[in-house]
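Here is a friendly tour of one protein chain, written for reading beside the model. Please keep the viewer open as you go.

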Amino acid sequence: MTGDLLRFKLSKNGTTETLSVAGELDISSAPAFEQAVRQALDGQAQEFRLDMSGLTFMDSTGAKALVDVHNHVERLGRRLVVVSPTHGVRRV
């Protein structure tokens, strides 16, 4: 899956799904991010991981999208785990 500024790769391992996100998460790419997560959540794995090691930039809109995704995953009765956020992502 790809967006204009973001690239996504979904992998599954037993009871865990991981969506790797690379690129820039900001006001122009946040909708693509949220859509990619919703599509990836079609599986039944209990734990859903977001690998953010490939993010080169995230602004406050990206942070809000991440919070919205977290709330959506929890409403589904699943657990969201953020994996390997870059220094810039952690700062936001």
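## The hairpin at the start

Strands β1 and β2 make a hairpin, with 2 residues between them. In its turn, G14 has a positive phi of about 65°. Strand β1 covers residues 6-13 and strand β2 residues 16-25; the two run antiparallel and are joined by 8 bridges. Strands here are DSSP runs of E with at least two residues, helices are runs of H or I with at least four residues, and both are numbered from the N terminus. Two strands count as paired if DSSP finds at least two bridges between them.

Two cross-strand pairs are handy landmarks. L10 stands opposite L19 in β2, and F8 has V21 in β2 as its bridge partner.

## What you are looking at

This is a predicted model, in which local features need pLDDT of at least 70 and side-chain atom pairs count only at pLDDT 80 or more, while totals for chains, interfaces and linings use all residues. Residues are numbered from 1 along each chain as its sequence is written, and side-chain values use heavy atoms, with hydrogens and water left out.

## The overall fold

The chain has 3 helices and 4 strands. Read from the N terminus on, the order is β-β-α-β-α-β-α.

How does the chain's radius of gyration of 12 Å fit its 92 residues? A compact globule with 92 residues would have a value near 12 Å, so the chain agrees with that expectation. The radius is taken over C-alpha atoms, and the globule rule is 2.2 Å times the number of residues to the power 0.38. Along its principal axes, the C-alpha trace spans about 30 × 20 × 20 Å.

## Building out the sheet

Is β2 enclosed or open to the outside? Strand β2 is largely enclosed by the rest of the structure, because 8 of its 10 residues are buried. Buried means under 20% relative accessible area, exposed means over 50%, and partly exposed lies in between (1.4 Å probe, protein chains only). Across the chain, buried residues make up 42% of the 92 residues.

G23 sits in strand β2 and is buried, with a relative accessible area of 8%. Leaving out residues up to four places away in sequence, G23 touches L5, L6, R7, G54, L55, T56 and F57, where a contact means heavy atoms within 4.5 Å. The C-alpha atoms of G23 and A45 are separated by 25 Å, with the two residues 22 apart along the chain. F8, in strand β1, is buried too, with a relative accessible area of 8%. Its C-alpha atom and that of A32, 24 residues apart along the chain, are separated by 9.7 Å.

Most residues other than glycine have a negative phi. S84 has a positive phi of about 50° although it is not a glycine. S84 is found in the loop between β4 (79-83) and α3 (87-91), and at 42% relative accessibility it counts as partly exposed.

## Contacts and surface

Among contacts between residues at least 6 apart in sequence, 68% join residues at least 24 apart. The chain exposes about 5200 Å², with carbon and sulfur atoms supplying 49% of it; these areas come from the Shrake-Rupley method with a 1.4 Å probe, and for residues only the protein chains shown count as cover.
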